[in-house]
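Here is a short tour of one model, with a look at its aromatic rings and its strands. Have the structure open as you read.

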Amino acid sequence: MDLQRDRLFHALTRIVWSLDSPETLSAYLGQLGRDHRKFGVLREHYPAVGDALIATLRRFAADEWTPEAEAAWREAYRTAAAIMVDSAEQDAAQSPPWWVAEVVEHDRRAPDLAVITLRTAQPLPYRAGQYVTVQTARWPRVWRPYSIANAPRSDGLLRLHVRAVPGGWVSGALVRHTRQGDTVSLGPAMGTMTLDPDGDRDLLLVAGGTGLSPLKAIAEQVIMAGRRRDVHLVVGARTERDLYDLPDLRLLESSYPSLRVVPVLSDEPDSDGPRGPVSDALERLHDWDGHDAYVSGPADMIRRTVGELQRLGMPLERVHHDLLEADKLAVPSVPASPSRL
């Protein structure tokens, strides 16, 4: 239950942060309500959770808790729950609570890393940059999020980059115990780090570790859209051996002249390319004026990169990331952008 408490805390934090943006808040709650369907959550479960939340706040707020505060919290929870319930019930009319997917390829690229290709029995709608939660037969009712590493395709295939982390139940099962022909369950696509369909700025994509997944999908989306946009994909890794997807990235680069893939190695001082933390290399690589930036990787890497981009003069509204997701996934026993469990 530690993980569930962490997730509830992150959800409450997200809701509070979004109070001044009703549209953003409504979209987040709707997505959360749809995602809860895979746990079998029903309308009648929400009042019980609300009562438990109020009782917890009342106990720990102690003398600072007032009738007015309780009334405000109850009303806020009722409003949030109503949005989530309505969204879930509308979604139930057109989509399953989860999708069954067959493993059609399992490519073990390192002892702790695999690239897994899946085919769903029913079409799973998503946008490049989003992620899905995954459940394996080995760990029923345990779901972990993984970004989709390809743009939507006509054949419906999805590719995941999975690194097994210490103590990671689902990541260990996916990397070490999953084979071609096995099946997994996928929750609905989530995440807001997606391309603006009307955008035309050049792109800076900054990836760390398996945070490459959603950015590779975004790069593919740009290529498939046929609109001419320069794309710099900066991939941070410790050593050349950690560039597990570089051959595929070079193939992608060769098919689209406006794509430039730039590896940045932090632990190989004799490498030919940029060296050091990926955030420190940005100023030396290019002038990013006029670009939109997308950043994905461990939470600390995202924070450093976003801070560096702001220092270089990029407005914050042009820097896109799923930092709250990376934070949530980086708690002990959980993934990142999002290093995944």
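## A buried tryptophan

Let's start with Trp143, which is buried, at 4% relative accessibility; the cut-off for buried is under 20%. Keep in mind that this is a predicted model. The charged end of Lys38 sits over the ring of Trp143, 5.1 Å from the ring centre.

## Aromatic pairs

How many aromatic pairs are there? The count comes to 2. Phe39 has a relative accessible area of 24%, so Phe39 is partly exposed.

Trp139 and Trp169 also form a pair: their ring centres are 4.6 Å apart and their planes are at 15 degrees, so this pair is stacked. Trp139 is in the loop between β3 and β4, while Trp169 belongs to helix α5 (residues 169-176), and the pair links these distant parts of the chain, 30 residues apart. Trp139 is partly exposed at 30% relative accessibility, and Trp169 is partly exposed at 45%.

## Strand partners of β1

Now for the strands. β1 (residues 99-110) pairs with β6 (residues 183-186) in the antiparallel sense over 4 bridges, and here Trp99 stands opposite Leu186.

β1 also pairs with β2 (residues 113-120), again in the antiparallel sense, over 8 bridges. Ala110 has Leu113 in β2 as its bridge partner. Together β1 and β2 form a hairpin, with 2 residues between them.

Conventions: Residues are numbered from 1 along each chain as its sequence is written. This is a predicted model: local features need pLDDT of at least 70, side-chain atom pairs count only at pLDDT 80 or more; totals for chains, interfaces and linings use all residues. Side-chain values use heavy atoms; hydrogens and water are left out. Two strands pair if DSSP finds at least two bridges between them. Rings of Phe, Tyr and Trp (its six-membered ring) pair if their centres lie within 6.5 Å; planes under 30 degrees apart count as stacked, over 60 as edge-to-face and the rest as tilted. Buried means under 20% relative accessible area, exposed over 50%, partly exposed in between (1.4 Å probe, protein chains only). A charge sits over a ring if NZ of Lys or CZ of Arg is within 6 Å of the ring centre and within 35 degrees of the ring normal.
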